[in-house]
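Student: I have a new structure open. Please show me how to read it, feature by feature.

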Amino acid sequence: MPRLFTALEIPRNAAMSLSLLRGGLPGARWIDVENYHITLRFIGDVDGRTADEIVERLDRIDRPEFQLRLDGIGSFGSKKPHSIWAGVSPSPEMYALQGEIERICQRIGLPPDPRKFTPHVTLARLKYSRVDDVVQYLAGRGNFQTSTFTVPRFVLLSSRESVGGGPYLTEEVFPLHEPLMAPSLSTSVLQPLKSLA
């Protein structure tokens, strides 16, 4: 069974903005644009029965669409940087969705995710990149930001044994529902009251 994880997809216009950050850093292996995503929960290698149960439970999630924006870039591994990422502006809806997926995974019997959820899009894996080069690369691109985009669904992705960074296969799609609009004032409310005279 391939490794599974839940994720948010990056729309094309935001992915194109991210692709402009590629290059200019020795020792970086850049992720292909079509493999950009925000991991919500790494599930790992599970048997077919567990995978089916995960899909069945995820399919019951009933949450509204929400807005996201990619904001800023950074690196993981301060003394020995191992990846470059784009940040995600905080979104209560995204954290709520991630928390629900985490609870589902634990109820099924998977161990809790040991890492704190830090939403990001991995842009490059680093091998032999010097800290000074990474600092210089980040300094020139620190004000990166995309337009806000709507997240209409989340997905279950799989990755085959590889060095990391794809290719990823979409196994299942879980739509989010359109947010309920606040009731607008109906025209009858706006009609002037008839005078009593």
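Student: In which strand is Thr6 found?

Tutor: Thr6 is found in strand β1. Helices (H or I, at least four residues) and strands (E, at least two) are DSSP runs, numbered from the N terminus. Two cautions come first. This is a predicted model, where local features need pLDDT of at least 70 and side-chain atom pairs count only at pLDDT 80 or more, while totals for chains, interfaces and linings use all residues. Residues are numbered from 1 along each chain as its sequence is written, and side-chain values use heavy atoms, with hydrogens and water left out.

Student: How many helices and strands are there in the protein?

Tutor: The protein has 5 helices and 10 strands.

Student: Is Thr6 buried or exposed?

Tutor: Buried means under 20% relative accessible area, exposed over 50%, partly exposed in between (1.4 Å probe, protein chains only). Thr6 counts as buried because its relative accessibility is 0%. Of the 197 residues in the protein, 42% are buried.

Student: Which residues have the most contacts inside the largest nonpolar core?

Tutor: A nonpolar core is a set of buried Ala, Val, Leu, Ile, Met, Phe, Trp, Tyr and Cys residues joined through side-chain atoms within 4.5 Å. The largest here has 49 residues, and Leu8, Leu18, Leu70, Leu123 and Phe154 have the most contacts inside it. Helix α3 gives the most to this core, with 6 residues.

Student: How many residues does α3 have, and what span does it reach?

Tutor: The expected span of a helix is 1.5 Å times one less than its number of residues. α3 has 17 residues and reaches 25 Å from first C-alpha to last, close to the expected 24 Å. Its buried residues include Met94, Leu97, Ile101 and Cys105. Among the elements that cover the buried residues of α3 are β1, α2 and β9.

Student: What comes just after α3?

Tutor: Gly109 does, with a positive phi of about 115 degrees. Pro112 is in the loop between α3 and β7. Pro112 touches Arg41, Glu102 and Gln106, leaving out residues up to four places away in sequence. Pro112 and Arg41 are 71 residues apart in sequence, yet 10.0 Å apart in space, C-alpha to C-alpha.

Student: Which residue has a positive phi although it is not a glycine?

Tutor: Tyr128, at about 65 degrees. Tyr128 lies in the loop between β7 and α4. Tyr128 is exposed, with a relative accessible area of 75%.

Student: How much space lies in the second largest pocket?

Tutor: On a 1 Å grid over the protein atoms alone, a pocket is an open set of points where a 1.4 Å probe fits, with protein on both sides within 12 Å along at least five of seven lines; lining residues have an atom within 4 Å of a point. Grid points are joined across faces, edges and corners, and a volume is the space filled by probe spheres set on the points. The second largest pocket holds about 220 Å³. Of its 17 lining residues, Ile10, Val33, Glu34, Asn35 and Tyr36 are the closest to its centre.

Note on methods. Contact means heavy atoms within 4.5 Å.
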